[in-house]
Amino acid sequence: MTYPLFDFVLASMLMGLGIGADVALATLARADQLRSLRLAITWVVGVSLTHTLFPMLGYLLTYFSIQLQPAVTPFVGLIAFACISIYLKGEFKALTDTKSGTDDSQLLVTLGLILAVSWDALWSGPAKSAQVIGWPELLVWLSFFVVGALVSVLAITSLKFGLRVKSSLKTSYLSQWIGYWLQYSIISYFGLLALFRYTFQVDIAWWHILIISTLINATILYIVASRNYNFEPYSRVTER
């Protein structure tokens, strides 16, 4: 084998880290909701498959995917945004009823987030076709599976880390409020990102979208906490 193995591993690792960063962030945000084995498996398997198959599809159909994506992408953005919006609406309603989200609602946001964080991986396929010039065919196909495996490792590691951090935090009013705020802000970020980037084709910096998301969720949580005494963290404060 004339192609240096080190270069193959390094290139695959960089690609995996590049397209898997969003997966790690989304997993951290949803760690507490992924305690269910069913949801955890759905999430890890889902993002691993999409981050293996989407780049492969883009590589196989480089020209076709470039032509197809502009037509399909707006609908992908709408679907992802709708799934995440419906989920968050249910979550805010559940907070006022002091009930947790159901597995069905969690499954809905899982599917929406998989779309939101995975669609960009399709574009890595055409980029891959330039990266692998001179590679043996075996390494070309193997690299896609290396990338998918790395994304899977990132998802599992982020999930375990998120659960450990969550279990170590005290369940005070402030920590619960901040926890809800960070969780919903990050999830909303992916929904808004899908809407702006895929549907509206708006060139807006990611941190602008994140700021918008944090402000929206801070406002909603403040309204929920101040208007509904059944909201658990708020009721703990009023009882003191």
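The following exercises, each with a worked solution, concern a predicted model.

Residues are numbered from 1 along each chain as its sequence is written. In this predicted model, local features need pLDDT of at least 70, side-chain atom pairs count only at pLDDT 80 or more, totals for chains, interfaces and linings use all residues, and side-chain values use heavy atoms, with hydrogens and water left out.

**Exercise 1. Determine how many helices and strands the chain has, and what share of its residues is buried.**

Step 1. Helices (H or I, at least four residues) and strands (E, at least two) are DSSP runs, numbered from the N terminus. The chain holds 9 helices and 0 strands.

Step 2. Buried means under 20% relative accessible area, exposed over 50%, and partly exposed in between (1.4 Å probe, protein chains only). Of the 240 residues in the chain, 45% are buried.

**Exercise 2. Identify the elements with the lowest and the highest mean pLDDT.**

Step 1. pLDDT is the predictor's confidence in each residue, from 0 to 100. Its mean over the chain is 77, and 76% of the residues reach 70 or more.

Step 2. Over residues 229–240, pLDDT stays under 50.

**Exercise 3. Classify the packing of α1 and α2 as roughly parallel or roughly antiparallel.**

Step 1. Axes are lines fitted to C-alpha atoms, for helices over the stretch in contact, and angles run from 0 to 180 degrees between N-to-C directions. Helix α1 (residues 5–30) and helix α2 (residues 37–60) pack at about 160°, and their axes are 11 Å apart.

Step 2. Angles under 35 degrees count as roughly parallel, over 145 as roughly antiparallel, 65 to 115 as roughly perpendicular and the rest as oblique. α1 and α2 are therefore roughly antiparallel.

Step 3. Contact means heavy atoms within 4.5 Å. Among the residues making the contact are Met 15 and Ile 19 of α1, and Trp 43 and Val 47 of α2.
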